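I'll jot down what I look up as I go.

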Amino acid sequence: MTAHPHTIDEQDRQEADRRLLALNDSPLQRGYRQQRAWFSGVVWFNPADQGPRQLRAELERMKGAGFSLVRFHDCDPQPVGPGRFDFARADEWMGIAAEVGIEVVLHVPLDRPDAATLGAHGVEPQRFELGHLDQPAEREALAAWMGPMLERYLDHPTLIGYELRGEPGPGQADIDNPYDQAAFIAWLKQRYGTVEALCEAWTLYPRRARPLLESFEQAPRMLEGLRAGAQISGVHRAKVNYGAARDMVRYLTDKTLARTEAMRNVFKRFDGRHAVMLGSHQLFANQPGLRWDTPRWARLADMHFSSIHLSWHFEQVEGEVDRPVYMQARLTRDAFKGGWTSCYETTGGSVQYSGGYGNAMTPGLMRRLMLSYLAAGNLSMAFWTWNHRPGGWEAGEYGLTTLSGRLSSWGAEAGRISAALGRYADELWQATHQPHVGLIESWDTDAIYLLEPQRHDVQDGPGELSRGTAMQAIRARIGAARAMIDHQVPFEYVTPRELAEGIALRYPVLYMPHGRSVSLELIEVLVDYVQRGGRFIADVQFAFMDPWGRLHRAGEDGPAARLLGGWVDTIHDARTCPMALGEVAVEGFFGDIITTDARPVAHFNDGRIAITERTLGRGSAMLLGFDPGRQCWRPGQKPMQLLLAELLSANRPPAWHCSLPMTYRLSAPGADHYFLINDGPPTPVILTAPDRRYTEALDVIQQRALPVGPTLCFDVPGESGLWLRLSHG
């Protein structure tokens, strides 16, 4: 299989890089970049009364261990009337932090005015929870609640920001109330303009004399009794209008975003200096099913952070740790490209029962976690928690300190790595992953998969957030990332919206695994990308449907043929027709490909076309007639992983390679940082970099010089990791 040469114009690539930085640019972001902002923090979770001596001693221990920040969870100012607070506890805690010289993030309920404040502004609590926060009274109630807290600490020397919203719960699941029905009608009018356009999007079987809808006001009747989420499709799913249901989920998602944007805007009225921090979690879950859109959510923030807990957030990968940790850290960072990001609430210690899985904690595992966060480009992190809870929920779990209060061995290791981060934050802010592949996410595909029937053989996850048809495209993206991690193909997650904003030509290759639902607008963006020198790779599910669940037209005049020079005429399942491509078994979906001007480059063993490639302008578009990402979801698919990695890296110039699969590189102007993650026994590794001539090598954590030569050889400790800094001229 030969590759079309990489011919993206250098000026186009540089312009794409500039547009990427512009995505989330702001005065605060420019300030963070100039300051080389970073932190490594811990949660102090102790609602009990405590004397200043005790708190000071703990903060000094945190700082002495190497941590630069504390997250205060239990020093909320106490409301004593509308717009009035008792700040005694918060003032004391903040004052002690300033004396110790440790930075602070305040975790206070800025987004939840109490009933007295709402009542003083004539706002019903139920209406506040239900609405878009677009009414003056609602915003003034928010201002009366937020303002005193924000103004109190505006000039505080150690405060860096506030969690405005973190770990969002599932959004509202239906529109079965008068407010949302009216707001949904208004949303449809704004989006479609005319009833005829709405009917075109929602109608499967057009009938001239009987339109689906005669007015926008009739639209909510299509959704009576329908609730979004994992169970949106029920016994009578064939009767659900996919377009209507998809738009309801999009409306509810947009409502969550609008509410958060309103809160942020009120925040900024009082404080433009400190970070609005917004958090995400369950990054592998079906986002539309929870009424989330993480990349859109992240762009409302000054810092996007994530919760990555080994006990809670790994059911979609059956508890696997290292590769999925890196994937979630990348999702954290890539949702807020060019901005300040943090793996901000991560596992600090051992867990017994307070989650879907338990875990041990060791210095080696802590090192693997932290190096994965850094390798993904998150230059700040924090841990849940410094101290364990004394009873009840999470009793004795998660602590960086032990049950007797001692600093644990893994806590000490976290402090050492934190100190190393502080030494090299300046350099890491200037570093890049030099991504070769843009891995395209698809909110539209995940939304449509909420509605598709439930197959028996996909009910294999441990919980509703990990099983069923809704997980299939997500599994494909996990599998694609797994193949690239194991074969050291640098990648970056990207969304269709970001591609439309002009960053596509940053990537020599774009791959959209299992992109079942694709808009015509995205097709045109991809056509332009290929014509200007990019290489696009699609698989068997690509552009099967539009965003409303209607089949795209197949044939010479269809959207797939316009981009790919061919199309999949039928999709099969290999369950009843075993398939192979040479020595590589093909599992799951495969297709019958018909070509126009694409050329076949590989065939299945039964003679059917397996892979095509079309030259278009300066680039090429490739169609895989199978589903490699989904097949690689679980470990153990080495032949398919290798095939996929070869296809994705075929036009990549000679690059670095390490004999340890989980190795990542960040390249700064004067040095490369390599992060080697070893989940096995102690091992020697060989690192080659044809694009570099290294002059010095340093073990960053141990601050120990290492030998340098044309071939670099290092020992990596077992079930641990190694952070290397290699200087080059």
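This is a predicted model: local features need pLDDT of at least 70, side-chain atom pairs count only at pLDDT 80 or more; totals for chains, interfaces and linings use all residues.

**Entry: histidine 156**

Which residues does histidine 156 touch, leaving out those up to four places away in sequence? I found Met94, Gly95, Ala98 and His274.

Next I looked up where histidine 156 sits, and it's in the loop that runs between helix H7 (136-152) and strand E6 (159-165). Buried or exposed? Histidine 156 has 16% relative accessibility, and buried means under 20%, so I put histidine 156 down as buried.

**Entry: helices H8 and H9**

I moved on to H8 (residues 178-192) and H9 (residues 195-202). Their axes come within 9 Å and cross at roughly 95°. Angles of 65 to 115 degrees count as roughly perpendicular, so that's my label for H8 and H9.

Who makes the contact? From H8 I wrote down Phe184, Leu188 and Tyr192, and from H9 Ala197, Leu198, Ala201 and Trp202. Sorting the residues of this contact, I got seven nonpolar, no polar and no charged.

**Entry: nonpolar cores**

How many residues are in the largest nonpolar core? I noted 146, and Leu59, Phe72, Leu106 and Ile611 have the most contacts inside it. There's a second, separate core of 38 residues, including Ile8, Leu23, Ala504 and Ala561.

Notes
Residues are numbered from 1 along each chain as its sequence is written. Side-chain values use heavy atoms; hydrogens and water are left out. A nonpolar core is a set of buried Ala, Val, Leu, Ile, Met, Phe, Trp, Tyr and Cys residues joined through side-chain atoms within 4.5 Å. Buried means under 20% relative accessible area, exposed over 50%, partly exposed in between (1.4 Å probe, protein chains only). Axes are lines fitted to C-alpha atoms, for helices over the stretch in contact, and angles run from 0 to 180 degrees between N-to-C directions. Helices (H or I, at least four residues) and strands (E, at least two) are DSSP runs, numbered from the N terminus. Angles under 35 degrees count as roughly parallel, over 145 as roughly antiparallel, 65 to 115 as roughly perpendicular and the rest as oblique. Contact means heavy atoms within 4.5 Å. Ala, Val, Leu, Ile, Met, Phe, Trp, Tyr, Cys and Pro count as nonpolar, Asp, Glu, Lys and Arg as charged, and the others, Gly among them, as polar.
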